Amino acid sequence: MKKIEAIIKPFKMDDVREALSEIGVTGMTVSEVKGFGRQKGHTELYRGAEYMVDFLPKVKLEIVVASSDVERCVDVIVETAQTGKIGDGKIFVTDVERVIRIRTGEEDEAAI
């Protein structure tokens, strides 16, 4: 099993969720996060004063899938979240050793 974490632009979240649902992803965790990479923030004007916004709003999507489904999920996220502009985000794929569904006690792939 693998965990896919994708940091994407907030306005792309609904499109990514729908695209993942179409390929059979049944569950995910979504968090509103802030951060920066090469984009390095931007300046904004508020009441005539300019200030630096260091951390930009992003959405972090986390899904756990069978190892055989990883490439398909990653491809769908890239295709759907990509705008071609700086700040599109990143995807991290890590190993998951064990999953337990608390309600039923099911483990591993049966639990996802």
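Colleague: Leaving aside its neighbours within four places in sequence, which residues is K9 in contact with?
Modeller: K9 is in contact with K58, T83, K85, I86, G87 and D88, where contact means heavy atoms within 4.5 Å. This is a predicted model, in which local features need pLDDT of at least 70 and side-chain atom pairs count only at pLDDT 80 or more, while totals for chains, interfaces and linings use all residues. Residues are numbered from 1 along each chain as its sequence is written, and side-chain values use heavy atoms, with hydrogens and water left out.

Colleague: Where does K9 lie?
Modeller: K9 is found in the loop between strand 1 and helix 1. Helices (H or I, at least four residues) and strands (E, at least two) are DSSP runs, numbered from the N terminus.

Colleague: Is K9 buried or exposed?
Modeller: K9 counts as buried, because its relative accessibility is 14%. Buried means under 20% relative accessible area, exposed means over 50%, and partly exposed is in between (1.4 Å probe, protein chains only).

Colleague: Which residue forms a salt bridge with K9?
Modeller: D88 does, and the closest N and O atoms are 3.7 Å apart. A salt bridge is a side-chain nitrogen of Lys or Arg within 4 Å of a carboxyl oxygen of Asp or Glu.

Colleague: What does the pair of D88 and K9 tie together?
Modeller: D88 lies in the loop between helix 2 (70-81) and strand 6 (89-95), and K9 in the loop between strand 1 and helix 1 (13-22), so the pair ties together parts that are 79 residues apart in sequence. Both D88 and K9 are buried.

Colleague: Why can side chains pair in this way?
Modeller: Side chains of opposite charge can pair when their charged atoms come close.

Colleague: How many salt bridges are there by this rule?
Modeller: The count comes to 7 salt bridges. One of them joins the side chains of E5 and K60, at 3.2 Å from N to O. E5 belongs to strand 1 (residues 2-8) and K60 to strand 5 (residues 56-65), so this pair links distant parts of the chain, 55 residues apart.

Colleague: And how exposed are E5 and K60?
Modeller: E5 counts as buried because its relative accessibility is 17%. K60, at 23%, counts as partly exposed.

Colleague: Which residue does E106 meet in a salt bridge?
Modeller: The side chain of E106 meets that of R101, with 2.8 Å from N to O. E106 is partly exposed, at a relative accessible area of 32%, and R101 is partly exposed too, at 27%.

Colleague: Changing topic, how many helices and strands does the protein have?
Modeller: There are 2 helices and 6 strands. From the N terminus on, the elements run β-α-β-β-β-β-α-β.

Colleague: What is the radius of gyration?
Modeller: The protein has 17 Å, whereas a compact globule of 112 residues would have a value near 13 Å. The radius is taken over C-alpha atoms, and the globule rule is 2.2 Å times the number of residues to the power 0.38. Along its principal axes the C-alpha trace spans about 55 × 30 × 20 Å.

Colleague: What share of the residues is buried?
Modeller: Buried residues make up 31% of the 112 residues.

Colleague: Last topic: where is E71, and is E71 buried or exposed?
Modeller: E71 has its place in helix 2 and counts as exposed, at 54% relative accessibility. The C-alpha atoms of E71 and V99 are separated by 20 Å, and these residues are 28 residues apart along the chain.
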